[in-house]
Structure formats: C-alpha cells, structure tokens
Amino acid sequence: MLAQVRSYALFGLDAVPVTVEVDVSPGLPSYALVGLPDKAVEESRERVRAALKNAGFPYPQARVVVNLAPAELRKEGSHFDLPIALGLLAAQGVVPLEALSGLAVAGELGLDGSLRPVPGAVNLALGALVEGKRLLLPLESAKEAALVEGVEVYGVETLLQAVAYLRGEEEPRRVEPDDPVALLEVLDLRDVKGQAKAKRALEIAAAGYHHLLMVGSPGSGKTMLARRLPFLLPPLSQEAALEVSRIHSAAGQALKGLLRTPPFRAPHHTVSYAGLIGGGAIPKPGEVSLAHRGVLFLDEFPEFSRDALEALRQPLEDGVVTVSRARASLTFPAHFLLVAAMNPCPCGWYGDPERACTCTPASRGRYMGKISGPLLDRFDLVVEVPRLTPAELARAPEGESTLAVRERVLKARERMLARQGRPNGELAGKALREHVCLTSGAEHLLQAAAKRMLLSARSYDRLLRVARTIADLQGAESVEENHVAEALAYRKTL
C-alpha cells in the first residue's frame, strides 16, 4: 500500500514542500530511502523502527521504499522522522489515509516514541500558510510555529498522541501563541560615566542608522556603550519582527515569541568567514543575517580575519548577502547597524595621557593596516572613547537615561519616515540631494572641509547623511553650519 505525507525541506529561509511517499509491498524485508537524503535523514530508519516498536505499533516485515519528492532537492535534518513513521503506519492501515489530507507534518522521534523540537518552526508554518495546510509538530516547536498568524498548528508530545489524533481517538490540541515576551531589562546609558561625545555619537547612530567605529583604550566603556544601542532603536514592527524571527528560527534558535527588540550580535574575533557571513553545504544564515534590523558589534575590530572583514563590504552597501555553493546559491537579508570597537594600537595605550605606549611605529602601522581603507570609509561616525581617570569617574555627571535619549531618537526617526520613508543612513543618490537642504553657510563649510580632508564621494555622502540626522535630532528643517560642523567632528582619520 502507498501512503503520502506532506512535509517541508528547509532551504535557507524558505520551507520547500516535500511529499514523503511510503510504499509497503510484499517481498523480503528491506528498507530503501531515496530522494537525496543527508546523513541525518538516512539515520531516521533506526529511529523510526525503534520508536514504532517501543510505542507498540507494528513495523512492516516487507519491502519498504520511502521516497522524498522532489527527488532532485537535497533533504537534510531530523524533522522527517515523524512523517516517515506516520507514512509507514498509514501504509499498514493503522492510520486512515484521509486523516493525512490537508495536513503537513514534521518532528524528530526519540527511540521511546517521544517527539523532540525541530529547528525552523516559523519557516515551516509559513510554508503551511502558503499551501493552506494544517501543521502537526512537536509541542515545543508548535508553540513557535503558532507565532505565524493564519495557520492551524497542533502540538503533540509523543507518537502515540499523533496517532490518536489522526484516528479521531483524541481531541487535537491546537496551539495558540504564548503571551508576548516582555522586553529585556533596558541597559541604561547612565551606567556609563562621562563619555559625552561617544554617547552623542550613539544617539546619532541610532536615529539615522549610521555605522559607528569607537576607538579607545581598554576599559574606556566601548563595549558598555555598544550594548546599550539596541535599546535606543525603535521597536520592530510586526512585519520586521516576523522577518527577524524567521531568520533566527532558520538558524535553529528556539523562540518564545516574536523578536520585538532589535537583535544584538557580538561574535568573537575568532569567528570564521562562514560563521560571520553564512555558509554550509546548504547555506545557513551567519551573524550578519542574525543581526538583521539590529546591531552587529565587532569588538577588537582589527583582530578579525581580513577575509571576514572585507566580506562585510557588500552587505553594508546592499543590505543582503549572497552565499553561493555548488548545490545552492541563497540570498539572506543582512541590513544591520555595524558598530565596531578597537584599541588605538596593539598595547592599547597610544595617546593615553598617563600610560606610555610600548608599541613601535611599525607595529602600530601593521595594526591599523589590518583594516582596509574602503572598509573604514563605510563608517559614518568615528569617535574616540578616552580612558577616564578614577578622579574623572568620581566627578563625572550621571548623564541622561536610555529612555530620555530614546525619546529623541524616536522623534527624529518619525521626521525621517514622514519626509522620505526611510532613515537618513539609507539615503542615496537623488533622494539624498533632494532631502538634505543645506544653507549657504553649511554648503560653504562642507565644500571647504571636503577639499581639505580629501573626502571620497562615499565619505562626502555619509557626511551629508550624518548632518541631516543631527538636524532632525534638533528638529531643524534645513541643515545648518553647526550641524555640518558636528558631523565633521566624527570624521576622525585613523
């Protein structure tokens, strides 16, 4: 007898429909699995066999052929266990074939018949939504899939429960999304003593979505500042939250609710090229995609591999990253706010008024040379974060709270969206010239500075964007001379 069960193959961020065909026919006992399965799918044979036996169901002593269609698409992952098991039971008449109609199934089986969660539940739900299918998943994965509106999601904890549901012996347990997850504790800017210029740069970066590089001695507060940036950004909209959650779900991260706070990713400087950009036989999203619509923080910036840093140039410009492999070429969203931190030299004390630098000019040159000019040119803001002495820390005023600064950021962002429909950091070409209205004094200052600092065309445009954001934070309609002057203060040359 032939049985068919609907499931999905996770291909990047997409759930591609897969039909699990199970044929049980007379003959010597054998098991053949075809349809380009990977090792995890091939091993499902033993998991399914043990799960059926320990759950009290028969395993066919006959010729079994399992086909994962379409045959030309590579299948990977353990989530085909449950559809294969249900297909075997349906082919033996234990489960009625009509019960599988209109249903999509995924889940990993334990040897005792229990069900374990699978990655990519949000993407599986989106695939079921497109096809108009109901979705049967392990309970923990079902809670994640229920975050997608418009899909009937049912959760089961064991193979026995799944069979009882399909045979009508047990009322199906429809899963509803959990209550929205409360925002994480807000990290307060007041915890960072002093550093008024760096805090101002953080505010400008959050308002206009400008890339930021902080340069300072060890312990000056660069990491503390960077970790507070996501709480200055506007919360994610419903559409953006679903997009970000989809990426994190595809990466195998369990979700308890849609991600409403912009993500913050801080990979170690030993991260591989594939870990940062994305990779794998079937490409998976990397850190640049996991930081989509949030912050990618690269501490010890020059210590990252040159190849990994240079690979950032494309997503910084295009907002997407394309990973090409022999079997697949996938494009992942990667529109992130890049924040980097670095020491001024290998020992970290170059320019410090109290501690002497032990580096030679040659070692300092090699250290700075690890970052290419084109990559440095992509930072809108470069700010020094000097070390404060204990006496300066004791006298430093408390400063503004995160919530107070965030209020200004939100008002400035509203002005940008009302005027041009996007943050200033995304303006380019004609739109940039149209929406950045310079006064005569501002234009004269800008032209003189561009000539003196030998600014590239890209740097010139970035300077305009930053000046426009500073004007928006102050509620000004035109970009004035003082706005350009402040923007120039963040064009430090390393």
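1. Contact here means heavy atoms within 4.5 Å. On that basis Lys199 touches Leu189, Val192, Gly194, Leu225 and Glu398, leaving aside residues up to four places away in sequence. The model is a predicted one, and the points below should be read with that in mind.

2. Lys199 is buried yet has no salt bridge. The nearest side chain of opposite charge belongs to Asp188, 7.8 Å away. A salt bridge needs a side-chain nitrogen of Lys or Arg within 4 Å of a carboxyl oxygen of Asp or Glu. What lies 3.4 Å from a polar atom of the Lys199 side chain? It is the backbone oxygen of Leu189, a residue that is also on the contact list of Lys199.

3. Salt bridges elsewhere: a search of the whole structure finds 31. In one of them the side chains of Asp81 and Arg47 meet at 2.6 Å, N to O. Asp81 lies in helix 3 (residues 81-91) and Arg47 in helix 2 (residues 44-54), so this pair ties together parts that are 34 residues apart in sequence. Asp81 is buried, at 1% relative accessible area, and Arg47 is buried as well, at 15%.

4. The side chains of Asp377 and Arg458 also form a salt bridge, at 3.4 Å, N to O. This pair links distant parts of the chain, 81 residues apart: Asp377 is in the loop between helix 15 and strand 18, and Arg458 is in helix 20 (residues 457-473). Are the two partners buried or exposed? Asp377 is buried, with a relative accessible area of 14%, while Arg458 is partly exposed, at 30%. Both belong to a network of salt bridges that links Glu317, Asp377, Arg378, Asp380, Arg458 and Arg462.

5. Another salt bridge joins the side chains of Glu310 and Arg313, at 2.4 Å, N to O. Arg313 counts as partly exposed, with 29% relative accessibility.

6. Aromatic pairs: the whole structure holds three according to the search. The ring centres of Phe301 and Phe379 are 5.7 Å apart and the ring planes stand at 85°, so the pair is edge-to-face. Phe301 sits in the loop between strand 14 (295-298) and helix 12 (306-310), and Phe379 in the loop between helix 15 (373-376) and strand 18 (381-384), so the pair ties together parts 78 residues apart in sequence. Phe301 is buried at 0% relative accessibility, and Phe379 is buried at 1%.

7. Charges over rings: Arg355 lies over the face of Trp349, at 4.0 Å from the ring centre. Lys197 lies over the face of Tyr490, at 5.6 Å from the ring centre.

8. Backbone points to check. Most residues other than glycine have a negative phi, and most peptide bonds are trans. Which peptide bond is cis, with omega near 10°? It is the bond from Ala69 to Pro70; Pro70 is placed in the loop between strand 4 (63-69) and helix 3.

9. Leu36 is not a glycine, yet has a positive phi of about 55°. Leu36 is found in the loop between strand 3 (30-34) and helix 1 (39-42) and is partly exposed, with a relative accessible area of 38%. Arg293 has a phi near 65°, again a positive value in a residue other than glycine. Arg293 lies in the loop between helix 11 (287-290) and strand 14, and is partly exposed at 34%.

Notes. Residues numbered from 1 in each chain as written. Predicted model: local features only at pLDDT ≥ 70, side-chain atom pairs only at ≥ 80, totals over all residues. Heavy atoms only, no water. Phe/Tyr/Trp six-rings, centres within 6.5 Å; stacked < 30°, edge-to-face > 60°. Helix = DSSP H or I, 4+ residues; strand = E, 2+ residues; numbered from the N terminus. Buried < 20%, exposed > 50% of the residue type's maximum accessible area, 1.4 Å probe, protein only. Lys NZ or Arg CZ within 6 Å of the ring centre and 35° of its normal. Lys, Arg positive; Asp, Glu negative; His and termini not counted. Polar contact = N/O pair within 3.5 Å; in protein donor to acceptor, adjacent residues only side chain to side chain.
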